[in-house]
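Work through the exercises below with the coordinates open, and try each task before reading its solution.

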Amino acid sequence: MRFWEQIATLFPELRAYARSIADSVEEAEDLVNDAVERAAKTAGRPDDLAGLRHWLFRVIRNLSIDELRKRRVRREYALAVSRLSHEASQRRLGIDDAVLVRRAYEKLKASEREVLFLVDIMGMTYAEAAAVMEVPNGTVMSRLSRARRALLDLLGGEKAPRRATRGS
């Protein structure tokens, strides 16, 4: 059986499966169409009908999961942008101040910028940032403290007494 004949045979099952996991009929149709398109472009797809059926079901499932992740990221980004614009409007940093903060931020080490971005800019919890960075929560907290202190130092902020650390 040729590929397109196999697709025609499997199409009702693929649509039914996609509808069972999608939020709307349109989304289900998109999942099926994307899966068939992917199958048509993939040289290593199964040749037999049973193998192709199983393979296409997995493709539809994975596409659905990918779409859910994209939506979550978009939603989180929109919330972060909304929160940041709200905070900025309340603080009303002058352009000069904003440039100074940006320049100081760019001078930080990559690890300091990362933790500041995740927690202070994106609004992640310590646990969420720890999961992204693949470190314990306590490490996030200590890195964040050091990063904030380094940023304040670069901005000429008040010097807070530093605790003695090992090896200093």
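**Exercise 1.** Determine at what angle α5 and α7 pack, and which residues make the contact.

Solution. In this predicted model, where local features need pLDDT of at least 70, side-chain atom pairs count only at pLDDT 80 or more, and totals for chains, interfaces and linings use all residues, begin with the two axes. Residues are numbered from 1 along each chain as its sequence is written, and side-chain values use heavy atoms, with hydrogens and water left out. The helices, like strands, are DSSP runs numbered from the N terminus (H or I and at least four residues for helices, E and at least two for strands). Axes are lines fitted to C-alpha atoms, for helices over the stretch in contact, and angles run from 0 to 180 degrees between N-to-C directions. With these conventions, the axes of α5 and α7 are 9 Å apart, and the angle is about 105 degrees. That makes α5 roughly perpendicular to α7, since the scheme counts angles under 35 degrees as roughly parallel, over 145 as roughly antiparallel, 65 to 115 as roughly perpendicular and the rest as oblique.

Next, list the residues in contact (heavy atoms within 4.5 Å). From α5 come Glu112, Val115, Leu116, Val119 and Asp120, and from α7 come Val140, Arg143, Leu144, Arg146, Ala147, Arg148, Ala150 and Leu151. Finally, sort them by class, taking Ala, Val, Leu, Ile, Met, Phe, Trp, Tyr, Cys and Pro as nonpolar, Asp, Glu, Lys and Arg as charged, and the others, Gly among them, as polar. The contact of α5 with α7 then has 8 nonpolar, no polar and 5 charged residues.

**Exercise 2.** Locate Phe117, and state its accessibility and its contacts.

Solution. Phe117 has its place in helix α5 (residues 110-121). Its relative accessibility is 37%, so Phe117 counts as partly exposed. Leaving out residues up to four places away in sequence, Phe117 touches Tyr105 and Met122. The C-alpha atoms of Phe117 and Leu144, which lie 27 residues apart along the chain, are separated by 9.8 Å.

**Exercise 3.** Identify the residues that touch the most other members of the largest nonpolar core, and the elements that contribute to this core.

Solution. A nonpolar core is a set of buried Ala, Val, Leu, Ile, Met, Phe, Trp, Tyr and Cys residues joined through side-chain atoms within 4.5 Å. The largest one has 17 residues, of which Leu14, Leu56 and Ile60 touch the most other members. Two or more residues are given to this core by each of α1 (3-21), α2 (25-41) and α3 (49-91), and the largest share, 6 residues, comes from α2. Not counting residues up to four places away in sequence, Leu56 touches Ile7, Leu10, Leu14, Ala35 and Ala39. Apart from this core lies another, of 15 residues, including Ala104, Leu118, Val119 and Ala147.

**Exercise 4.** For Ile65 and Glu76, give the helix and the accessibility class.

Solution. Ile65 is found in helix α3, and its relative accessible area of 26% makes it partly exposed. Glu76 lies in helix α3, and at 40% relative accessibility Glu76 counts as partly exposed.

**Exercise 5.** Summarize the protein by its elements and its buried residues.

Solution. The protein has 7 helices and 0 strands, and buried residues make up 24% of its 168 residues.

Methods
Buried < 20%, exposed > 50% of the residue type's maximum accessible area, 1.4 Å probe, protein only.
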